[in-house]
Structure formats: C-alpha cells, structure tokens
Amino acid sequence: EIDWDKVASSGIRFAIIRLGYRGWGKAGKLVEDEFAKANLEGARKAGLQVGAYFFSQALTTEEVDQEIEFMLNTLGDFTLDMPIVFDWEIPVPEARTANMDARTLTDLQKYFAITMTEKGHDPMIYFNWNISRNLLYLHELEEYPFWLALYQDRMTYPYKVEMWQYSDRGRVPGIEGNVDLNIYMPH
C-alpha cells in the first residue's frame, strides 16, 4: 500500500509499477501483483508518469506470449506514459531460468519488444551487468531502450541506457521499507 500523494510531494516524478510475476519454480505460475491496479491508478492520480513491468521467468516465446497477454489483461484500459518492461532475471541459483543461454534470451527479449511495439506499447529491456555480459547479444537489441540495474553511486556501464536503477535500498515518503530508485534518461 502506497501513499502516492506523499510520493509525488517528495519530488518523485515517475513510477514503474509491477503488474505481476511468473514464479521461479518449475511450474512457473503467473501471479498478478495484488496492488497492481491500485498502484497504477494511485500513481496516475498523484500526477506521476507511469510505466509497468512484469517479472519474467519465461523460457520460450509461448511463455512470453502468456506474460504479454497477462500484462495487457492486467492493464485493461489503463494507458501508460512510460515503457512497458520485460524484467527477466535469475533470482536464485535453482530458478527455472538458471540454465538460459544468450541466443535464447536475446531472442525472447527481441520477441517481447517486437510484439509489444506491434500492440502499441513502448517496450523496454531490463537487465543487470552480469546478464548483459553473459546472456544477451546487446547489439541485436539496441533499437529498444535499456534499463540497467547497477547499484552504485556513479554510472560506469559502457552501453547507453535510458533508465538506471542505482539502488534497491532507497527510501521514499509514502512507501514503507526499501524501494528501487531510478534515473530516467530518455534519448
């Protein structure tokens, strides 16, 4: 539960709302974030620009299709001001995504971006330095904006990024506990 008016009053200008996630276990169950709709509306009402993401554990284009359908159903008629993001990660060593290869992940990222563009959305690709170095052919994805998770006090990443997640331990009035902090630098 977030007090979006306090968030906006603190100087925050945008929010990327989690729509849901795919579980990292073998079954890979899709789960809607219980606060997704309330947070989309609350952030918008408070005057923030709003984007959205889905925490992906997709292994195939069929699973990406499931996640896209899930995201669009969760959004309903809500129109985003900012990108819709494919947040594919390896959250723990035993995750279903742990044995991914660069060719497959690059193709899945590209498939997501192409499909979302065709559906009228602005896609964005999320990754950390390790995934970008070992599991993506970034040169094949450069036509899409990148969102980098790199928790440090200055930017040292060699590729251009449009969003930099510089902390996962931020504090923002109106949000209880730690929150990710980002800088948005659209080109």
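Author: Before we start, partly exposed means a relative accessible area between the buried limit of under 20% and the exposed limit of over 50%. Also, this is a predicted model.

Reader: Thanks! With that in hand, is Asp81 buried, partly exposed or exposed?

Author: Asp81 has a relative accessible area of 40%, so Asp81 is partly exposed.

Reader: And which residue does Asp81 form a salt bridge with?

Author: Arg44, with the closest N and O atoms 3.1 Å apart. That pair links distant parts of the chain, as Asp81 sits in the loop between α3 and β4 and Arg44 in helix α2, 37 residues apart. Arg44 has 29% relative accessibility, so Arg44 also counts as partly exposed.

Reader: Nice. Stepping back, how many salt bridges turn up in the whole structure?

Author: A search of the whole structure gives nine.

Reader: What about Glu67, which residue is its partner?

Author: Glu67 forms a salt bridge with Arg22, and their closest N and O atoms are 2.7 Å apart. Glu67 is in helix α3 and Arg22 in strand β1, so this pair ties together parts that are 45 residues apart in sequence.

Reader: Are those two buried or exposed?

Author: Both Glu67 and Arg22 are buried.

Reader: Changing topic, which residues are linked with Arg103 in a network?

Author: Asp107, Lys110 and Glu140 join Arg103 in a network of salt bridges. Between Arg103 and Glu140, the closest N and O atoms are 2.6 Å apart. Arg103 belongs to helix α4 and Glu140 to the loop between α5 and β6, so the pair ties together parts 37 residues apart in sequence.

Reader: How accessible is Arg103, then?

Author: Arg103 is partly exposed, at 33% relative accessibility. Glu140 counts as partly exposed too, at 22%.

How values were computed. Residues numbered from 1 in each chain as written. Predicted model: local features only at pLDDT ≥ 70, side-chain atom pairs only at ≥ 80, totals over all residues. Heavy atoms only, no water. Salt bridge = Lys/Arg side-chain N within 4 Å of Asp/Glu carboxyl O. Helix = DSSP H or I, 4+ residues; strand = E, 2+ residues; numbered from the N terminus. Buried < 20%, exposed > 50% of the residue type's maximum accessible area, 1.4 Å probe, protein only.
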